[in-house]
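Work through the exercises below with the model open. Each task is followed by its solution.

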Amino acid sequence: MSACVEYRLDEQDRIVSVGGGWDDFARANDGAHLCGQALLGSSFWDHVTGESLSQLLGLIFRQVRERGEPITVPSRCDSPEIVRHLEVRIQPLPDHYLEIQSCINSETPRTQWRGGDRVRMLLQMCSWCNRFHVEDQWLEIEEAIERLRLADADFIPRSSHGICPDCADLLKQSA
Ligand SMILES: [Zn+2]
């Protein structure tokens, strides 16, 4: 698997090209925000979950286009088995095109996922850092499992997407 994927958006945020290890990467993921499967010609925004995340990314895109300078932000793109830390670089191109490059900084296998019957829960997940909202705190999935005493069950987070306050601050500062 390539460590980076990149794609370009036209001035209306339609995906006009994808490169790097895109296919492998998309196959290994489930379509979450910046890293899912995308179709050429589709709008970038069709692949972004959550209104607050869309607003913040929209802000960042505008800043990159207006200032003509790239912005790099850390992100997460987990699959059920792997914790994946990314760095996402949004770079201006001529004619208000953007190039977005997601590079994997680290990948760590999860240890707490098991087979068998799966417990489905609806929790709010931050679309940016992949943490879960449990009892007024934003927790990594391992902590959430422990908190909810689900260690003996397999746990599929059925998430309603949002954005946590930490990430909202981070993205606002970037923009
Ligand atoms: Zn977050």
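**Exercise 1.** Determine which residues of α4 are exposed and which are buried.

*Solution.* Seen down the axis of α4, the buried residues fall within an arc of 125°, so they line one face of the helix. The arc is taken over directions from the helix axis to the C-beta atoms.

The model is predicted: local features need pLDDT of at least 70, side-chain atom pairs count only at pLDDT 80 or more, and totals for chains, interfaces and linings use all residues. Residues are numbered from 1 along each chain as its sequence is written, and side-chain values use heavy atoms, without hydrogens and water.

**Exercise 2.** Identify the donors of the zinc ion and assign the geometry.

*Solution.* First, list the donors (N, O and S atoms within 2.8 Å of the metal, or 3.2 Å for Na, K and Ca). The SG atoms of Cys126, Cys129, Cys164 and Cys167 coordinate the zinc ion at 2.2 to 2.3 Å. Next, take the angles: they run from 103 to 114°, which makes the arrangement tetrahedral (all angles between 85 and 135 degrees). Finally, read the spacing along the sequence, C-x2-C-x34-C-x2-C. Cysteine 129, in the loop between β6 (118-126) and β7 (132-134), and cysteine 164, in the loop between β9 (154-162) and α4 (165-174), link distant parts of the chain, 35 residues apart. Both cysteine 129 and cysteine 164 are buried.

Note on methods: Tetrahedral: all angles 85-135°; square planar, octahedral: opposite > 155°, others 65-115°. Helix = DSSP H or I, 4+ residues; strand = E, 2+ residues; numbered from the N terminus. Buried < 20%, exposed > 50% of the residue type's maximum accessible area, 1.4 Å probe, protein only.
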